[in-house]
Amino acid sequence: MEEKPNYSYISQLSGGDKDFEEQLLDVVRLELPQEIENYKNHLETDNFMRAGDDVHKIKHKISILGLEKSYQVAIDHEDSLRKGIVNDDLYQRFEEILNAMTTFIQKA
């Protein structure tokens, strides 16, 4: 994966308000693991439309964590899933993004 999660967008949003930054990270820490679990469950049951919905929700966390290029991967993966297609390349790239985000929020 070329880019890494970062605080750049969070810093922009907060204007230096550390409490706000922590609140935003808390939301990501709370919601992201559940959204990933839902996504994986929907893939396992071949419910690609719902998996696409899950990717849509995760896209917002991708944006918050400053992953601009990864956001486009998520858009493409979401579109593919909504068409009932699991593109192996997009799936693998999205998994890398999820892993990087999970590692980042665990250390944040």
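**Close-up 1. How α2 runs past α5.** The crossing of α2 and α5 is left-handed. This is a predicted model, and here the two helix axes come within 10 Å and cross at roughly 155°. That angle is over 145°, so α2 counts as roughly antiparallel to α5. On the α2 side, the contact is made by V28, R29, L32, P33, I36, Y39, K40 and L43. Across from them, α5 puts in Y91, F94, E95, L98, M101, T102 and I105.

**Close-up 2. α2 again, this time against α3.** Here too the crossing is left-handed, with α2 passing α3. The axes come within 9 Å and cross at roughly 155°, which makes α2 roughly antiparallel to α3.

**Close-up 3. The loop between α2 and α3, with D46 in view.** D46 sits in the loop that links these two helices. Have a look at its backbone: phi is positive, about 60°, even though D46 is not a glycine. Is D46 buried or exposed? With a relative accessible area of 54%, D46 is exposed.

**Close-up 4. K61, a lysine tucked inside.** K61 belongs to helix α3, which covers residues 48–64. Its relative accessible area is 7%, so K61 counts as buried, the cut-off being under 20%. Which side chain does the K61 side chain pair up with in a polar contact? The partner is the side chain of E35, at 3.0 Å. Setting aside neighbours within four places in sequence, K61 is in contact with V28, E31, L32, E35 and M101.

Close-up 5. As a general point, nonpolar side chains tend to be buried together in soluble globular proteins. Zoom in on M101: not counting residues up to four places away in sequence, M101 touches P5, L32, I58, K61, I62, L65 and L67. K61 turns up in that list, so this view ties in with the buried lysine of the previous close-up.

Close-up 6. H77 is a residue of helix α4. How accessible is H77, and is it buried or exposed? Relative accessibility comes out at 0%, so H77 counts as buried. The H77 side chain makes a polar contact with the side chain of Y39, at 2.8 Å. Beyond four places in sequence, the contacts of H77 are Y39, V55, L90, Y91 and F94.

Close-up 7. V73 lies in helix α4. Relative accessibility is 6%, so V73 counts as buried. Leaving out residues up to four places away in sequence, V73 touches L90, R93, F94 and I97. For a sense of the spacing, take V73 and Y91: they are 18 residues apart along the chain, and their C-alpha atoms are separated by 9.2 Å.

Technical notes: Residues are numbered from 1 along each chain as its sequence is written. This is a predicted model: local features need pLDDT of at least 70, side-chain atom pairs count only at pLDDT 80 or more; totals for chains, interfaces and linings use all residues. Side-chain values use heavy atoms; hydrogens and water are left out. Helices (H or I, at least four residues) and strands (E, at least two) are DSSP runs, numbered from the N terminus. Buried means under 20% relative accessible area, exposed over 50%, partly exposed in between (1.4 Å probe, protein chains only). A polar contact is a pair of N or O atoms within 3.5 Å; within protein, one must be able to donate a hydrogen and the other to accept it, and residues adjacent in sequence count only if both atoms are side-chain atoms. Contact means heavy atoms within 4.5 Å. Axes are lines fitted to C-alpha atoms, for helices over the stretch in contact, and angles run from 0 to 180 degrees between N-to-C directions. Angles under 35 degrees count as roughly parallel, over 145 as roughly antiparallel, 65 to 115 as roughly perpendicular and the rest as oblique. A crossing is left-handed if the near helix is turned anticlockwise from the far one by less than a right angle, and right-handed if clockwise.
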